[in-house]
Amino acid sequence: MEIYFTGIIIAISTFLIIGLFHPLVIKVEYHTGTRYWWVFLVIGILSVGVALFIENALISALIGVFGASSLWTIGELFSQKKRVQKGWFPMNPKRKDEYEPIDKNETLCPVHHGRSIYAIDDEEKA
């Protein structure tokens with residue numbers, strides 16, 4: 001019986017790649033806001049495109065995960081801006097004018113049309 005480590009390597013690497021993108025989103029939004037979202041779009045599209053032409057399954061998967069994480073980061077940058085507006089994360093005082101006031105009941109989830117599920121529950125009880 002042979003043991004294959006490819007799946008475990010992909011799983012651990014995916015965990016690490018995604019884990020590295022979390023602080024990256026926070027730092028990028030703090031220092032530059034959402035203005036460079038397009039950089040993640042270009043990196044993501046290029047990475048996913050390159051992954052299609054790599055024969056080695058391990059390397060192709062890792063580049064694909066990196067590309068998908070780059071694309072996911074675009075939405076996270078805009079969500080991070082809302083988290084900052086809500087006071088959940090520190091605001092860069094040099095960019096204070098870029099943040100509009102936000103309703104504390106607003107959610108980051110588009111399913112509830114911009115309203116927090118808790119605010120919707122409160123409205124139904126009233």
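## Helices and numbering

Helices are DSSP runs of H or I that hold at least four residues, and they are numbered from the N terminus. This is a predicted model, in which local features need pLDDT of at least 70 and side-chain atom pairs count only at pLDDT 80 or more, while totals for chains, interfaces and linings use all residues. Residues are numbered from 1 along each chain as its sequence is written, and side-chain values use heavy atoms, with hydrogens and water left out.

## The nonpolar patch

Helix α2 (37-51) and helix α3 (57-85) each supply at least two residues of a nonpolar surface patch, and the largest share, 7 residues, comes from α2. Among the members are Trp 37, Trp 38, Leu 71 and Phe 78, and the patch as a whole has about 880 Å² of accessible area, a value from the Shrake-Rupley method with a 1.4 Å probe.

Phe 78 has its place in helix α3 and is partly exposed at a relative accessible area of 40%, where partly exposed lies between buried (under 20%) and exposed (over 50%). Lys 81 lies in helix α3 and counts as partly exposed at 23%.

Beyond residues up to four places away in sequence, Lys 81 touches Glu 29, Thr 34, Glu 98 and Tyr 99, a contact being heavy atoms within 4.5 Å. The Lys 81 side chain reaches the backbone oxygen of Glu 98 at 3.4 Å. Although Lys 81 and Tyr 30 are 51 residues apart in sequence, their C-alpha atoms are 8.5 Å apart in space.

Definitions and conventions: Patches are made of residues with over 30% relative accessible area and no salt bridge: like charges are joined within 9 Å, nonpolar side chains (Val, Leu, Ile, Met, Phe, Trp, Tyr) within 5 Å. A salt bridge is a side-chain nitrogen of Lys or Arg within 4 Å of a carboxyl oxygen of Asp or Glu. Buried means under 20% relative accessible area, exposed over 50%, partly exposed in between (1.4 Å probe, protein chains only). A polar contact is a pair of N or O atoms within 3.5 Å; within protein, one must be able to donate a hydrogen and the other to accept it, and residues adjacent in sequence count only if both atoms are side-chain atoms.
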